[in-house]
Amino acid sequence: MSKTQAASALPLEPADAPRRRRFSYRIEIDPSGAGNPWWIAPLSILLALVLCGIFIAANGMNPIAVYAKMIKGAFGSSFGITETLVKAIPLLLCGIGVAIAYRISVWNIGAEGQFLVGAVAATAVTIWFPNLPIYGTIPLMVVFAIAAGGVWGLLTAIPRTYFQVNELVTSLMLNYVAILLLDYFVFGPWKDPKGFNFPGTPMFNEAQTLPALGDTRLHLGLAFALVAVVLYGLLVKYTKWGYELRLIGANPEAAKNAGIPIKRHILLVMLISGGLAGLAGMAEVSGVSHRLMYGISPGYGYTAIIVAWLAKLNPALLVVSAVLFGGLIVGGYSVQTIGLPSSISNMIQGAILFFLIAGGMFGKFRLRRNA
């Protein structure tokens, strides 16, 4: 056989072979999104600031000057720092509760309602036992608040566990029930008769007030929050219970086959989640407002959702995220002196959440090279 015949006997390479080799990549989807890049969170904050800066500029103000004013108001003085920490306390407690629930893919968005019923339950102690000393009142307020928040969390967990009711719906609806419950007490039987028709209870006495740091409003609730975040980190990372939570969140089917009682874990986790939010309500009513009143929460429970997402459920990052959003709230108050409403902080929070969700969705896509 000649060389020409041998060459002609070989199979011809398709004309598009070089093109196939050039585009030898494929897109895969990771439903869990567990491997999301670390830079999604800071990029989400940056994009949120850019977007909100456009609206600020459209209103005739310099976005950089506005942001500088917010940073200075939140972190530029000892007063601003302590006020930021005061706002961070309920955000951290509610954020830990939300993060624990998210560990097993239970979407608890009812921290706001759990916060409010915790505040109501803590106030009930001051109404029913007005003459107890501080070493009896404060522990009893803590117990009542945690129990009330935990029960409120179970009202979401029980339908989710036994009747397959979506927890997003029940936890959200229970928020409004808690708001109406609080309104009933502050406009009704617990209303201060000497309060000039203001919707609130009588002011707490000294035995019903959390001790504060010097002349600041920074109170003992900070210790509650720090202890809670340390326990959260240790339990989730170093205990069997924490391992089971991580396994349920990563692969519920594998956890079920391994004999892990998923229903019991959901009930326990929502009990703890609600209890932490209830403790945040107690810290706020006893450490800051010193009375139960209408509008006691500016939305701590909802902001805690963003706090937990931004921290990716990491204990240390939860502290950073809570302080960041506490500063955002305080900074929102400071820009009122230059003609902007304090609700600018809500706009920035919403923008951060939007970009976090968008980044989480895009983070599920992976570019893989074909073999």
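Reader: What counts as a helix here, and in which helix is the place of Ile329?

Author: A helix is a DSSP run of H or I with at least four residues, and helices are numbered from the N terminus. In this predicted model, the run that covers residues 315–334 includes Ile329. The place of Ile329 is therefore in a helix by that definition, namely helix H14.

Reader: Is Ile329 buried or exposed?

Author: A residue is called buried when its relative accessible area is under 20%. For Ile329 the relative accessible area is 7%. Ile329 is therefore buried.

Reader: Which residues are in contact with Ile329, leaving aside its neighbours within four places in sequence?

Author: One of them is Ser345, which is 16 residues from Ile329 in sequence. From C-alpha to C-alpha, Ile329 and Ser345 are 5.8 Å apart in space. With those sequence neighbours left aside, the residues in contact with Ile329 are Lys87, Leu91, Tyr300, Ser345 and Gln349.

Reader: What is the relative accessible area of Thr123?

Author: Thr123 lies in helix H6, which spans residues 111–128. Leaving aside its neighbours within four places in sequence, Thr123 is in contact with Trp190, Thr201, Phe204, Val285 and Leu292. Thr123 is buried, and its relative accessible area is 0%.

Reader: What share of the residues in the chain is buried?

Author: The chain has 15 helices and two strands, and its accessible surface comes to about 19300 Å². Carbon and sulfur atoms account for 69% of that surface. Of the 371 residues in the chain, the buried share is 46%.

Methods: Residues numbered from 1 in each chain as written. Predicted model: local features only at pLDDT ≥ 70, side-chain atom pairs only at ≥ 80, totals over all residues. Heavy atoms only, no water. Buried < 20%, exposed > 50% of the residue type's maximum accessible area, 1.4 Å probe, protein only. Contact = heavy atoms within 4.5 Å. Areas by Shrake-Rupley, 256 points an atom, 1.4 Å probe, with all protein chains shown as cover.
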